[in-house]
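Have a look at it first, and then we'll go through some of its details.

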Amino acid sequence: MGMPSAVPSEALVRSQKLINWQRLGRTLPGIVFLAPAVIAFIIFRYYPLLKGLYMSLFRWDTQNPPGAFVGLNNFSLTLSSDVFREVFVNTLLLYAFGMLLGFWVPVVQSLLLNELRRGYYLFRFLYVLPVMVPGIAFLMVWKYIWHPDFGLANAVMLILHLPKQLWLSDPKLVKLTLRLPSLLGGGMSVLIYTAAIQNVSLEVIEAAIMDGASAWQRTRFIILPNILPIVGILFVLSLTGSLLAFDDVWIMTGGGPGYSSTTLVMGVYQRAFVQNQYGLGSAWAVVILICTLILTLARLWTMREERM
Amino acid sequence: MAISLSRREFLKAAGLTTVLVALAACAPKATPEPTKAPEQKAEPTKPAATATPAPAKKVKIKVYDLVAEDCTGPGCFDREAQKMFDEAHPNIEVEHLPFPSVSVEKRKEYWVTALSTEGGPSVVFFDNATFTMQMAAMGNVAPLDDYLPLYYPEWDDLFPIVQEISKYNGKVYQIPGMVEVNGIAVRRDYLKEAGYDENFYPKDWPEWLEMCQKLTTADHWGFQWPMIEWGFGNFLCMDGGTVALEKEDRTIELHFASKEVIETAQMFKDCVFKYKVTGPDTFSDFATNLNNFQQNKAATFNFMPSWLNWLFGTAKFQPEQLNFAPYPLGPSAVNKNSLIKPYSGVSTHSWMVNPKQPKDEMDAGAQYICYIRSKEMIKKEAEWWKANELRGVYASPFKDVPWNTVSSGVPEWWGQPLLTILEYGGVSPAPDYLGADYLDKALQEILRAGDSDIQAELQKGEDRAKREFLDEYHKKLQG
C-alpha cells in the first residue's frame, strides 16, 4: 500500500467541484420554500428601514421626491426638539412603569403555578385565556374603567373615601394609569415562564428538597437562576415593545392630554402624516431605531456577562 | 465543455438570481407617456389639462364609494346615485370599492399615500374641505376649473363661502358635497329648568358664561367639550382670532400670543377655575365628551349637523329636544377690533380628482363627481330620505335649494342658525399651517393650574412651533 499523496488527485478535486446532486436534492426544497419568506422579509422589513434612513437625509417632498438634501439637519432638529425630549421621557416613563408594575407579575404567577398541587392546568388555561380576547376590546373595557364619572376605578375610590381621579385626563397620572392594567399579568409570558420552569432539572430540585431547602430557597437559588436567560429575552422584547408603543396609548388617550402620553412612535406619525414632514419623521424613526439597538445590545451584553 | 460548479458557487448564484428576480418584480412599471398628467404633478397652481367632453370609448375608473348591500342609513342614497350615473353614462364604467373604514386622520394618511403613487383611485372623497386644501398644496389633486362649464354649470349657484372653501390659490379643487357648519347644541329641557326660554341661545361670551353657570347643577355641567382640541379653535374663531395667518407668498405668521388667543384662553380658564361650569375633565377627547353629553352629564355640546344625524340613531336625543345655535361672539369680535373677520367653521364633504391618471380617466372622474354631487342629485337625495323616513339636518351648498328641502324631520328652529353660520363662514386664514399641536401643549399648561401665566405659556408655544415646524416649512417653500 503506497503512502497517500499530499497533493489531492485530479479526480478528487473534480469530484469535490462538481455539484453533489444528492445533497442538492436535499437542500433545494429548503431553499425554495425559504425564498418567499426571505424575499418578503427583505422587501417589507429591510427595504423600508433603508428607505427611512435615506428619507431622513432630505426635506422630503412627496410630489417630487426626494426634495432638498439636508444632510444631518433632520437629526439635529430632532435632537434639539423640546417635543422630542418630552416624548422620549414619556416613552421611558411608560416603559419604567410597565417594568415596575407588570414585568415581574408573570414570573411570580408562573412560580406560584409551579407550586400548585391541584388545578395546575386549569389555572394555566385561565392565565392564558385573555390572550384570545382582541386587544381593542381589552383597551375599551379599561377606557371605561378609568372614566371619571362612570368608571369602576372612581367608584372604588369613593368606597375607600378617596377623591375621584382624572385617570386619563390628568397629565401627572396618565402614564401610570396606562400601565396599571399590566399588574394583572397573565398572557403568553406566563406560558413561556412556565415552560422554562418545567425545564429545570427535577433531580436538582429533588436533591435540594432532600437537603431540606424550603420552597423559597428552591425558588431563589435553583429555579430563578435557571430561568434567567428566558427572563432576559422577555426583558429585551418588552424593552423594544415599550420603545415602539403606539396602539394601546393611541386608543386610550390619543397621546393626550397635550403631549403627556405621546410616545416616540406617535411623534413619528405626527411629523409624517399630520405635518407632512416625512424627512423629519424618518429622522425620528432612525433615532428610535438607534436607541432601541443601543438598549437591546446593552442588555444582551450584560446577559452575556452574567452567563460568563 | 462541461461547466463545473461547487455547491457554494451554486448557492451564491441561486441567491443572486433570487434577489435580482425580486428586484425586477419590484421595479416601477414602465408606463407610456400619456398615462401621466405631468402638468398637475408638481405645480398645483398650473392650469388644468383642457377638459374634453365625455369619452367616446369606454373608460374605466376606480372610486372608493361602495355602499354595503344591507346599508340602511342616510349614506345609502349613494347606491341609487351610482345606478343613475351608470344608466346615464354607458361609456364610463365605475368600479366601486369599499371605503376605507378608518378614522378621519387615518383616512387622510390613506389618501396621501394612495395619491402619492400612480395607480391610486380616480376619485377621492373626504369629510372635510381643509383636507382638499392640504391635498391641493401638495399637488395631489387636480384643478377642476376647466370641467365646471362642461359638467357643473351650477357652480355660480353655490353659496359664496362654499365656493371659497372649494378653492386653493384661486383654482377649484373640489366639488362640494354636504355642507358642515359648526355650532352649539343646547338641551332645551335643561334651559327650561334653569328658567330660560327654550329657544334661548347666547349671543356673546358674557351671555354664554351666564348660561353655563345657570345650566351647571350637581348632575350636569353647563359646558363640557374638549378644550385642547378644536373646541378652542372654534371659540378663537368667534373672537376673530387665529393661531396663524398666511401671507400672499404662502409664508405663515404665528399669532399664539395675540390678544384674541389670550382672551379665549382666559375664557376657558375662567370656565374651569373661576366659574366652575365645566368638568375638571377638560382635556378629554371628543368621544369622552360626546359620551358625557349622551349620558346627561353636560347641557351643551360642540356640534355639526351631520353628527346629529348619526346621533339620532345612537342616542335618545331627537332634534326637537335640542337647540342648534351659532357660537357666541367674543369681546374682540363684538368690538370689531379682531385680527381677522370672525368666522365660524364652515366646511363641506369634498370630492376630488386624482391628477396621476390617464387623461380620459381624469375626465371621467371629474364627470362622475360633478354628476354625483349635482344640484339635481342633492334634491333627489332629499326626496329619497323622505321616502325612506330618514331624519337629517343639512345645509345645502346651493343658494337656491333651501335647507328644509334637503333636511327632513327637523323642527323649523334648526334652519336659521344653519343660514346664519353660512353667512359667518370664512376660509381658514392659514390652510397650510399644520403645526396646530404646538398650541395644545401651551393650553395644557394654562389649564393645568389656576395660577398659570397665559401669555408666557403661549409665547413659549409660539417659539417652539417656529423652531420645530415653521422654519422648516418656510425652507421647503423656498425649495
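## Chain B at a glance

In chain B, 77% of the contacts between residues at least 6 apart in sequence join residues at least 24 apart. Two residues are in contact here if their C-beta atoms, placed from the backbone, lie within 7 Å. What you're looking at is a predicted model, where local features need pLDDT of at least 70, side-chain atom pairs count only at pLDDT 80 or more, and totals for chains, interfaces and linings use all residues. Residues are numbered from 1 along each chain as its sequence is written, while chains are lettered from A and ligands numbered from 1 in the order in which they are written.

Chain B has 20 helices and twelve strands. Those elements are DSSP runs numbered from the N terminus, with helices (H or I) needing at least four residues and strands (E) at least two. Of the 479 residues in chain B, 47% are buried. A residue is buried if 20 or more other C-beta atoms lie within 10 Å of its own, exposed if 12 or fewer, and partly exposed in between.

## A buried alanine

Let's zoom in on Ala81(B), which sits in helix H3 (residues 77-88) of chain B. Ala81(B) counts as buried because it has 20 C-beta neighbours inside 10 Å. Leaving aside residues up to four places away in sequence, Ala81(B) touches Ile372(B) and Met377(B). Arg373(B) is 292 residues away from Ala81(B) along the chain, yet their C-alpha atoms are separated by 9.2 Å.

## Two loops with a positive phi

Most residues other than glycine have a negative phi. Arg250(B) isn't a glycine, but its phi is positive, at about 70°. You'll find Arg250(B) in the loop between strand E8 (244-246) and strand E9 (252-254) of chain B. It has 14 C-beta neighbours inside 10 Å, so Arg250(B) counts as partly exposed.

Lys336(B) has a positive phi too, near 55°. This lysine lies in the loop between helix H14 (331-334) and strand E12 (346-353) of chain B. With 9 C-beta neighbours inside 10 Å, Lys336(B) counts as exposed.

## Helices crossing in chain B

Two packed helices are described by the angle between their axes and the distance between the axes. For helix H11 (residues 259-274) and helix H20 (residues 454-477) of chain B, the axes come within 10 Å and cross at roughly 125°. Axes are lines fitted to C-alpha atoms, for helices over the stretch in contact, and angles run from 0 to 180 degrees between N-to-C directions. H11(B) and H20(B) are therefore oblique to each other (under 35 degrees is roughly parallel, over 145 roughly antiparallel, 65 to 115 roughly perpendicular and the rest oblique).

On the H11(B) side, the contact is made by Val261(B), Ile262(B), Ala265(B), Gln266(B) and Lys269(B), and on the H20(B) side by Ile454(B), Gln455(B) and Leu458(B).

## Over in chain A

How confident is the predictor about chain A? Its mean pLDDT is 86, with 93% of residues reaching 70 or more; pLDDT is the predictor's confidence in each residue, from 0 to 100. Over residues 1-5 of chain A, the pLDDT is below 50, and this stretch has zero contacts in the model beyond near neighbours in sequence.

Chain A has a helix crossing as well: the axes of H4 (residues 82-115) and H9 (residues 188-198) come within 8 Å and cross at roughly 50°. That makes H4(A) and H9(A) oblique to each other.
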